[in-house]
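Please look through the structure shown here before reading my remarks, and keep it open beside them as you go.

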Amino acid sequence: MEQENVRRIRIGEKEIVLVGTAHISKESAEQVERVIEEERPDTVCVELCQARYDAIRQPENWHKMDIVKLIKEKKASLLLAQWVVASYQRKIAEKFQIRPGEEMLRAVRKAEEIGAELVLADRDIRVTLLRTWRMMGLWGKVKLLTEIMAATLFSEEITEEDIEKLKKQDVLDLAIASLREKLPTVKTTLIDERDQWLAHKIRESRGNKIVAVVGAGHLSGVVDNMGLNLDPESINHIPPPGPWSRAATWAFPALIVGLILGGFLYSGNQAGLNMILWWSAITASFSALGALLMLAHPATILTAALAAPITTLHPLLAAGWVAGITEATMRKPQVKDFMALREDIISLRGFFRNKITRILIMVALVNITTSVGTFVAIPVMMRYF
């Protein structure tokens, strides 16, 4: 690792040593241990939040996950996104024989060894991902998902050149690098805001000497923000949907109900009944198709079909959630699925083979196919006016 990846900053009586690392570099992991051993700091800060810290310290705890609870709390898509990104990281790590997050893990262990205080300096990954998602428009979301999926599940052979890029960029940032100019909000939430958060947490840590371990892509940003005052809560909340988004959420079901009522009033009872039947048949068929494509349990396919005509008219419900809960109940993931999860997320085949990721993918797919069904049903219903 080049010495340029180590920066020293003085703020009052505090001496801060920043170490920029590649998240999958063996050389980075060794350098982290060496710097902490030589500096003997009072505090060691690491670019981890509590969720990521728990994941690398206790990876076996995945078997305690309650997948039904996750779906009910509407966290299925968020968890799937985290695993897709983890898949990309693990591919590189497997190739170069190093555990993902090894440099952070070694920093944690070295801090414990010398008796230094440990500070988890990164913002909660769920806040970061949800802020990114909420601040993007529909087209931006489509491009982001497409790029991440392509970079993680269909990436080509990883080379030493890719590793060098990771010394300058965060893993998620690298996966969407081609979209950064078109999607400035992605860079804002994934890079800039985290630079600010990391700088604040490191600066506010106790002790006269602090060693902070961050990804090399954050090094310059943390240095630039180190002397600035920040209100941490201003970038640590999940923005609510905008007024137009909330209005559209309720306006669409109202439109469908209005069409049906209009059919009864202006075209007669038979026309109104036909509209209800077509709406139910089309949305149910498309919803069931999503479950069928994932070879879901027959009860899941039936449940998805029955739920769709209702959930499509209620903005707080989704056919995918109902289908996911049913599938998790009928084909409950076993301990072996949780134990295999770390390896299965490396490949596209593994994503579809593992019961846990299959359920999460099915939740998303059923929601998508059901949405398509609603747009197919509208022109069919309009024929009865």
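1. The model is predicted, so local features need pLDDT of at least 70 and side-chain atom pairs count only at pLDDT 80 or more, while totals for chains, interfaces and linings use all residues. Residues are numbered from 1 along each chain as its sequence is written, and side-chain values use heavy atoms, with hydrogens and water left out.

2. The protein has 18 helices and five strands, which are DSSP runs numbered from the N terminus (helices H or I, at least four residues; strands E, at least two). Of its 385 residues, 50% count as buried, where buried means under 20% relative accessible area, exposed over 50% and partly exposed in between, with a 1.4 Å probe and protein chains only.

3. Helix α15 (residues 319-330) packs against helix α18 (residues 355-382) at an angle of about 150°, with the axes 7 Å apart; axes are lines fitted to C-alpha atoms, for helices over the stretch in contact, and angles run from 0 to 180 degrees between N-to-C directions. That angle makes α15 roughly antiparallel to α18, a term used for angles over 145 degrees, whereas those under 35 count as roughly parallel, 65 to 115 as roughly perpendicular and the rest as oblique.

4. In this contact (heavy atoms within 4.5 Å), the residues of α15 include W321 and E327, and those of α18 include M362 and N367. The residues of the contact divide into eight nonpolar, four polar and one charged.

5. The axes of helix α13 (residues 269-293) and helix α14 (residues 298-311) come within 7 Å and cross at roughly 145°. By class, this contact of α13 with α14 has ten nonpolar, three polar and no charged residues; among the residues that meet are W279 and L292 in α13, and I301 and P309 in α14.

6. Which aromatic pair does a search of the whole structure find? The search finds one, and the rings of F252 and F375 have their centres 5.7 Å apart and their planes at 45°, so the pair is tilted. Rings of Phe, Tyr and Trp (its six-membered ring) pair if their centres lie within 6.5 Å, and planes under 30 degrees apart count as stacked, over 60 as edge-to-face and the rest as tilted.

7. This pair links distant parts of the chain, with F252 in helix α12 (residues 243-267) and F375 in helix α18, 123 residues apart. F252 counts as partly exposed at 23% relative accessibility, whereas F375 counts as exposed at 56%.

Definitions and conventions
Nonpolar A, V, L, I, M, F, W, Y, C, P; charged D, E, K, R; others polar.
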